[in-house]
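Please open the model in your viewer and keep the selection tool at hand.

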Amino acid sequence: MAEQKATTSVLYEETRIFEPSRDLVENSNVMQWMKKKGFKSEREMRAWTGQHYIQFWAEMAETYADWFEPWAQVLEWKPPYARWYVGAKCNVAYNAVDRHAKGARKDKVAYIFVPEPVDQPTIKITYSKLYDRVNRFAAGLKSLGVVKGDRVSIYMPMIPETAVAMLACAKIGAIHSVVFSGFSAGGLNSRILDAESKVVVTTDGFFRRGKPLPLKPNVDEATSNTPSVQNVVVVKRAGIDVPMKKGRDIWYHELIGLKKPDDWVTDPPDIPALEAEPMDSEDRLFILYTSGTTGKPKGIEHVHGGYCVTPAQTLAWVFDIKEDDIWWCTADVGWITGHSYVIYGPLCLGATSILYEGSPDYPDFGRWFKIVEENKVSVFYTAPTAIRMFMKAGEEWPKKYDLSSLRLLGTVGEPINPEAWIWYRKFFGNDKCQIMDTWWQTETGCFLISPLPITPLKPGSPTFPLPGFNIDIYDEDANPVSPGSGGNIISMTPWPSMLRAFYRDPERYNKEYWSTYWDIRPGTYLAGDKATKDKDGYFTIQGRIDDVLKVAGHRISNAEVESALVSHPKVAEAAVIGKPDEVKGEVIVAFVILKTGVEPADDLKPVLAKHVRSVLGPVAYPEVVYFVNDVPKTRSGKIMRRVIKAKALGNPVGDISALANPESVDAIPLIK
Ligand code: WTA
């Protein structure tokens, strides 16, 4: 991390303030809690809960989750290792489904599933139906020999069976590893190999822009060298003929005792209910691979106890979810946002969520708005990249629909530019909805910096650290920065849904998050983002300090794309940077050094871009490929992406005298 610069300057200060309505403030969940506790102001409440974070998270755990056995100790903190709710027994699937299905919410709708094909009906799935399917699939997994602690890879589109698969794993104590269905066979393969999954759950295919596309063949390709995989369970979704490997592949509907693919309407015969496995609160719930600074994705581990508490609590406080709300988080379950706010958070609250299978622009840009109108969505959460796409498509799309059911909006995944924020508020939010800009990460499991419904907003700012957190911005010497200047986002204290480890790579966990300030302030979590605070304490996120890209909100490491390029037989070396993009935030630009004797022909460029797509998936597709003879490097051979980026974008490159090959900088072309 030698060339990270922690200190940055602020370019301008936002002066517009958007106050919440009195009605929103007075009726909000957080205000009810504040009144009960006697807090006079938001600031006082945020500060008190930060100071008393252990007490706070104990109370939240009692409020938001049911426990089979109580904890002996709220927190055991031996930096950098935290154990929360020590000794308690729980199961997040029980909290998400069983307790609702057995109680007053049994007939309440958990998911409103909207298939992509316009001629397929919307399906309402109640908590009791979800309970039935989770029980069936949990029993099915058991019958395949899956036991507590086994890993199950889930490679599926946005359909209710994906939720069932995750919850069924949780219910029996298996550890799910969801792999985004936009990753290619190569991306799936490395994640199965690392997790040593016993079972892979997938579909025959999925619908995208009106077309059924196959998915199962990727699994076949990805499992050619994975001895751990004993079974592949296949959900019939798209009606595509796929080869089934005898003795290994099983149809999901047959495994769960249905005669034909599930229509979610027909009531199958009763089955014996299956009790949720009592899990230790520190038992692993899932692994989710995310991109770091090296080419190898890291398996972030999360636990049952934390997941019983913080996704639900933060959703209830930030998005103010009440019994009658219709919640729609548009994230794919392949990413952390889907895990926390499509699956665990809303289900633990007993909320009703929209689950939409397909593209935002199919059959036209009105699709999302139509879903909001038809289902009276009240709280809506998406990514800035989607907002910018709609901005480009034009305000006539939202204007065609009745969006008056919306009362609160949110964004996540990358900084939202104030202009997009204002547009979002105006055209989605009818100029009245407050916007919850939530900052968090795969590692954090829940929002960390975010407004509450009671917070006066500044466009483009996620405002302040949430209750129960102690987040600050440090300079290189671990001093909190003064208003107006920037530095590293850090957390001084642990929280229940923080990552516990990297799967099978304990060293990297210590190094990546805890080593930077260890000598000065041990136990300081380095998030990997830089930010500034203004004079009122409002945070502005400036982006990653490391070589991690955010392309349309998806997290991809430069090194992963470079490795994919280098795996092509004609490529000797590659350097990848992110170029700012109006809609996607940034797009991938690759500088490629070809092997000696290879002609730098223009028609090789799309071949290399496609190669990356086949290795990693469409999310990592390089928009532009340049051929160069050399790339700037340090004397130890590290590619200086920062210098390449500055030169390519026409910015000052700074001092390059320490480079091994300063002359290579001149050869980096200016990109448009
Ligand atoms: C970025 C996504 C600005 C940030 C939940 C972080 C954001 C990375 C915001 C994590 C936001 C997330 N404003 N940037 N509101 N939310 N980020 O793991 O750089 O896919 O470190 O988790 O997304 O990405 P991840």
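The stops below cover the ligand site and then the aromatic rings.

This is a predicted model, in which local features need pLDDT of at least 70 and side-chain atom pairs count only at pLDDT 80 or more, while totals for chains, interfaces and linings use all residues. Residues are numbered from 1 along each chain as its sequence is written, and side-chain values use heavy atoms, with hydrogens and water left out.

The shell holds 17 residues, the closest being Asp437, Thr438, Thr442, Asp529 and Arg555.

Next, display the polar contacts (pairs of N or O atoms within 3.5 Å). A polar backbone atom of Thr438 lies 2.7 Å from a nitrogen atom of the ligand. For Asp529, a polar side-chain atom is 2.7 Å from a ligand oxygen atom. An N or O atom in the Lys550 side chain is 2.8 Å from an oxygen atom of the ligand. The ligand taken alone exposes 520 Å², of which the protein buries 98% (Shrake-Rupley method, 1.4 Å probe).

Now select Trp328 and Phe380, an edge-to-face pair because their ring centres are 5.3 Å apart and their planes stand at 75 degrees. Rings of Phe, Tyr and Trp (its six-membered ring) pair with centres within 6.5 Å, and planes over 60 degrees apart count as edge-to-face. Both residues are buried, that is, under 20% relative accessible area (1.4 Å probe, protein chains only).

Finally, select Trp397: Lys400 lies over its face, 3.8 Å from the ring centre. Such a charge has NZ of Lys or CZ of Arg within 6 Å of the ring centre and within 35 degrees of the ring normal.

Conventions
Near = heavy atom within 4 Å. Polar contact = N/O pair within 3.5 Å; in protein donor to acceptor, adjacent residues only side chain to side chain. Phe/Tyr/Trp six-rings, centres within 6.5 Å; stacked < 30°, edge-to-face > 60°. Buried < 20%, exposed > 50% of the residue type's maximum accessible area, 1.4 Å probe, protein only.
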